[in-house]
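The following paragraphs lead the reader through one protein structure, from its overall form to single residues. Please keep the sequence and the three-dimensional view at hand while reading.

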Amino acid sequence: MSMLGQVLSLRRQVAQAKTDAAQMLQDARAKRDQRRVDHYSGKTLALITILDMIDKEFGLDKEESD
């Protein structure tokens with residue numbers, strides 16, 4: 001697998017983890033569990049940052065890679 005293929009595969013995994021964390025964040029908000037809200041808010045933001053860094057480093061257009 002090429003380097004770009006590996007990066008795209010990693011990006012898909014991170015995007016899925018972000019989606020999962022965002023869903024868990026919504027669940028925590030619905031249950032009013034502030035500790036979990038804080039945790040999943042931080043996790044979601046960290047994963048968004050990673051996605052942005054991958055996009056910037058490899059010149060990926062978000063619309064093409066999502």
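The protein chain has a radius of gyration of 14 Å, whereas a compact globule of 66 residues would have one near 11 Å. The structure shown is a predicted model. Along the principal axes, the C-alpha atoms of the protein chain fill a box of roughly 45 × 20 × 20 Å.

What elements make up this chain? The protein chain holds three helices and zero strands, and the order of its elements from the N terminus is α-α-α.

The next topic is how the chain packs. Of the contacts in the protein chain with a separation of 6 or more, 55% are between residues 24 or more positions apart. Among the 66 residues of the protein chain, 24% count as buried. The accessible surface amounts to about 5,000 Å², and carbon and sulfur atoms account for 54% of that surface.

Met3, Leu4 and Phe58 together make a nonpolar surface patch of about 300 Å². One of these residues, Met3, belongs to helix α1. Met3 counts as exposed because its relative accessibility is 57%, and the cut-off for this class is over 50%.

The discussion now turns to charged side chains. Side chains of opposite charge can pair when their charged atoms come close. How many salt bridges does the structure hold? The structure holds one salt bridge. In a salt bridge, the side chains of Asp55 and Arg11 meet with an N to O distance of 2.7 Å.

Are the two partners buried or exposed? A residue counts as buried when its relative accessible area is under 20%. Asp55 is therefore buried, since its relative accessibility is 6%. Arg11 is also buried, because its relative accessibility is 3%.

Gln13 and Ile54 are 41 residues apart along the chain, and their C-alpha atoms are separated by 12 Å.

Beyond helix α1, the reader may follow the chain into the loop between α1 and α2, where Arg32 is placed. Arg32 is exposed, with a relative accessible area of 78%. Arg32 has a positive phi of about 55 degrees, although Arg32 is not a glycine.

A polar atom of the Ser41 side chain lies 2.7 Å from the backbone oxygen of Val37. Which residues does Ser41 touch, not counting residues up to four places away in sequence? Ser41 touches Leu25 and Arg29. The C-alpha atoms of Ser41 and Ala22 are 7.7 Å apart in space, and the two residues are 19 residues apart in sequence.

Thr44 also has its place in helix α2. Its relative accessibility is 10%, and Thr44 therefore counts as buried. A polar atom of the Thr44 side chain lies 2.8 Å from the backbone oxygen of Tyr40. With its neighbours within four places in sequence left aside, Thr44 is in contact with Lys18, Ala21, Ala22 and Leu25.

Technical notes. Residues numbered from 1 in each chain as written. Predicted model: local features only at pLDDT ≥ 70, side-chain atom pairs only at ≥ 80, totals over all residues. Heavy atoms only, no water. Contact = heavy atoms within 4.5 Å. Polar contact = N/O pair within 3.5 Å; in protein donor to acceptor, adjacent residues only side chain to side chain. Salt bridge = Lys/Arg side-chain N within 4 Å of Asp/Glu carboxyl O. Buried < 20%, exposed > 50% of the residue type's maximum accessible area, 1.4 Å probe, protein only. Helix = DSSP H or I, 4+ residues; strand = E, 2+ residues; numbered from the N terminus. Rg over C-alpha atoms; globule rule 2.2 N^0.38 Å. Areas by Shrake-Rupley, 256 points an atom, 1.4 Å probe, with all protein chains shown as cover. Patch = residues over 30% accessible without salt bridge, like charges linked within 9 Å, V, L, I, M, F, W, Y side chains within 5 Å.
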